[in-house]
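User: I'm new to this one and would like a walk through its pockets and helices. Can we start with the open spaces?

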Amino acid sequence: MLILLFIAVTALMTHIMWVDFFTLKIKNGSVVILCLLYIPFCTLVSPSVIIGDLFAAVLLFAIALALWMSRMLGAGDVKLFGALGLFVGFDYLDVFVFGLLFFSVLFLFVLAVAMRMTRHGKFLNRLREIKLSRRAPYGVVMCLSAFPSLLLRLVDIAQS
């Protein structure tokens with residue numbers, strides 16, 4: 001059950017990253033499915049942990065909402081932050097935040113390198129478009145940041 005849940009969440013986050021990278025959109029349906037996948041996840045953790053998960057989701061949603069009101073994030077990013085907060089949980093919020101910092105810097109580096117490359121291709125052209133438009137698919141960074149937190153959390157669940 002644990003492995004199937006990890007595969008489902010990972011596959012959905014990969015889909016979200018792909019769509020966001022190419023369209024700068026995070027679909028509501030994908031976020032709803034991610035939230036629904038939290039229901040079987042609840043059966044694997046103790047009830048006291050669920051409160052921390054909800055706190056992390058609300059905290060991340062509130063921070064993202066403030067960033068949205070400042071026009072720094074899109075509305076899809078706000079909803080995704082809340083949904084990912086459920087899986088990251090309060091105990092792994094520090095890993096998630098460090099991941100956000102690391103993958104944000106890495107993404108900026110990749111954009112800078114893509115601008116200097118002379119090759120062409122769908123992926124490189126898209127990176128150049130992102131750099132020139134100054135609009136980033138932040139769902140990619142968020143999902144990449146959630147992977148280590150989710151993996152560490154599932155390892156802890158499996159060991160207990």
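User: What volume does the largest pocket have?
Analyst: This is a predicted model, and in it the largest pocket has a volume of about 710 Å³. The lining has 25 residues, and the closest to the pocket's centre are Met72, Asp77, Arg135, Ala136 and Tyr138.

User: Which helix gives the largest share of that lining?
Analyst: Helix 4, with five residues. Helix 4, helix 5 (93-116), helix 6 (122-133) and helix 7 (138-159) each supply at least two residues of the lining.

User: And how do the lining residues of the largest pocket divide into nonpolar, polar and charged?
Analyst: There are 14 nonpolar, three polar and eight charged residues in the lining of the largest pocket.

User: How does the lining of the second largest pocket divide?
Analyst: It has 13 nonpolar residues, no polar ones and no charged ones.

User: Which helices each supply at least two residues there?
Analyst: Helix 1, helix 5, helix 6 and helix 7 each do that for the second largest pocket.

User: Which residues line it?
Analyst: His15, Ile16, Val19, Lys25, Ile26, Lys27 and Ser30 line the largest cavity. By type, that lining divides into three nonpolar, two polar and two charged residues. Helix 1 (residues 2-23) gives the most to it, three residues.

User: Changing topic. How do helix 3 and helix 4 cross?
Analyst: The axes of helix 3 (residues 47-69) and helix 4 (residues 75-88) come within 7 Å and cross at roughly 165 degrees. An angle over 145 counts as roughly antiparallel, so helix 3 and helix 4 are roughly antiparallel to each other.

User: Is the crossing left-handed or right-handed?
Analyst: Helix 3 passes helix 4 in a right-handed crossing.

User: Which residues meet there?
Analyst: On the helix 3 side they are Asp53, Leu54, Ala56, Ala57, Leu60, Phe61, Ala64, Leu65 and Trp68. On the helix 4 side they are Ala75, Val78, Lys79, Phe81, Gly82, Gly85 and Leu86. The residues of this contact divide into 12 nonpolar, two polar and two charged.

Methods: Residues are numbered from 1 along each chain as its sequence is written. This is a predicted model: local features need pLDDT of at least 70, side-chain atom pairs count only at pLDDT 80 or more; totals for chains, interfaces and linings use all residues. Side-chain values use heavy atoms; hydrogens and water are left out. On a 1 Å grid over the protein atoms alone, a cavity is a set of points where a 1.4 Å probe fits but cannot get out, and a pocket is an open set with protein on both sides within 12 Å along at least five of seven lines; lining residues have an atom within 4 Å of a point. Helices (H or I, at least four residues) and strands (E, at least two) are DSSP runs, numbered from the N terminus. Ala, Val, Leu, Ile, Met, Phe, Trp, Tyr, Cys and Pro count as nonpolar, Asp, Glu, Lys and Arg as charged, and the others, Gly among them, as polar. Axes are lines fitted to C-alpha atoms, for helices over the stretch in contact, and angles run from 0 to 180 degrees between N-to-C directions. Angles under 35 degrees count as roughly parallel, over 145 as roughly antiparallel, 65 to 115 as roughly perpendicular and the rest as oblique. A crossing is left-handed if the near helix is turned anticlockwise from the far one by less than a right angle, and right-handed if clockwise. Contact means heavy atoms within 4.5 Å. Grid points are joined across faces, edges and corners, and a volume is the space filled by probe spheres set on the points.
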